Amino acid sequence: MKYIDHGSGGSPDVMVVKDAPMPEVGAGEVLIKVAYAGVNRPDVMQRSGRYPPPANASPHMGLEVAGEIAAVGQGVDEWKKGDRVCALTNGGGYAEFATAPAGQVLPVPAGLGMLEAAALPENYFTVWANVIEGGRLKKGETALIHGGTSGIGITAIQMAKAWGARALCTVGSPEKVAAARQLGADAAINYRSQDFVAEVSKLTEGRGVNLILDMVGGSYIERNLRCLALEGRLVQIAFQQPSRAEVDWMPLMIKRLTFTGSTLRPRSGAEKARLAGELRSHIWPLLEQKKMAPVIYREFPLADAAAAHRLMETSEHIGKIMLKVA
């Protein structure tokens, strides 16, 4: 099969198409003939050498795919050859074939194609785990979502609205302000020209927000604490700025705040399978009813994976960047 190799890491130009043997299907796994693969920030970090995969994972990039099951491993009863699925992989998705634990596989939602289905796993697992579970978002609350036009951001806006919450977000241009509003955000703040702390205060009449989903860190941490309402929750899922910062933590005590965070990839297979079950029960029906939908910005052939990474590094995209494999 063909796959994308990134060697020892570096710029997008290190990415090349190479040939490799088909991956072996272990017990409890499925082999997927990949139609599309999603491109995500962790892939960019892995390629650049800042996010090494876990020891038991594929050394190659690619955390989400959609396609048809080509084979099933020992002990797998819920899937069969020919099933149309999408999956959260443990790596190796930038390839013609990829394996995934059976518990991390989900059916392609009715009414969606392979392209849209491949855009689901990484974002939807992450947002469910951090906004609904870790962030405990409830109906009637207000959430602030940084990076509102990223794949994660759009998913978080849609999920917050589906939960009956108000969704505010930050973005980096007037065009993205308009896009975020069109995609369902109640308000979008241009962080390049507006002080998001002041704007949040205005938009909430000084109360602050109940939940913040942040992937920036650094200087945003203290500003996020200032944006939170009494007993608000700050959920950290990445650090685009340094993870070390000097912070005045007094608001944490005064407002009885919760600061938490998580990463998805190191979670156990059992935990990811549990998340898949939650998505299938609560989110897949909303996708099939067209109450939520992934937003695709652009797709590239697998051989142009370097161009896809270069685009992601510009942060110009609105929605998902995808690789067409078959």
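The model is predicted: local features require pLDDT of at least 70 and side-chain atom pairs count only at pLDDT 80 or more, while totals for chains, interfaces and linings use all residues. Residues are numbered from 1 along each chain as its sequence is written, and side-chain values use heavy atoms, with hydrogens and water left out.

**Whole chain**

The C-alpha atoms fill a box of roughly 60 × 40 × 35 Å along the principal axes. Of the 326 residues, 53% are buried; buried means under 20% relative accessible area, exposed over 50%, and partly exposed in between, with a 1.4 Å probe and protein chains only.

**His-317**

Next, select His-317, in the loop between α11 (305-314) and β15 (320-324). Its relative accessibility is 6%, so His-317 counts as buried. Display its surroundings: beyond neighbours within four places in sequence, His-317 is in contact with Arg-41, Thr-149, Lys-176, Tyr-297, Leu-311 and Met-312 (contact means heavy atoms within 4.5 Å).

**Lys-320 and Glu-64**

The structure holds 16 salt bridges, each defined as a side-chain nitrogen of Lys or Arg within 4 Å of a carboxyl oxygen of Asp or Glu. Select Lys-320 and Glu-64, whose side chains form one of them, at 2.5 Å from N to O. Lys-320 belongs to strand β15 and Glu-64 to strand β4 (residues 64-72), so this pair ties together parts 256 residues apart in sequence. Both ends are covered: Lys-320 is buried at 4% relative accessibility, and Glu-64 is buried at 0%.

**Asp-186 and Lys-161**

Move to Asp-186, which forms a salt bridge with Lys-161, the closest N and O atoms being 2.9 Å apart. This pair links distant parts of the chain, 25 residues apart: Asp-186 is in the loop between α5 (174-182) and β10 (187-190), and Lys-161 is in helix α4 (residues 151-162). Asp-186 is partly exposed at 29% relative accessibility, as is Lys-161 at 36%.

**Arg-267 and Glu-271**

Finally, select Glu-271 and Arg-267, a salt bridge with closest N and O atoms 3.1 Å apart. Glu-271 is partly exposed, at 23% relative accessible area, and Arg-267 is partly exposed at 22%.

Notes:
Helices (H or I, at least four residues) and strands (E, at least two) are DSSP runs, numbered from the N terminus.
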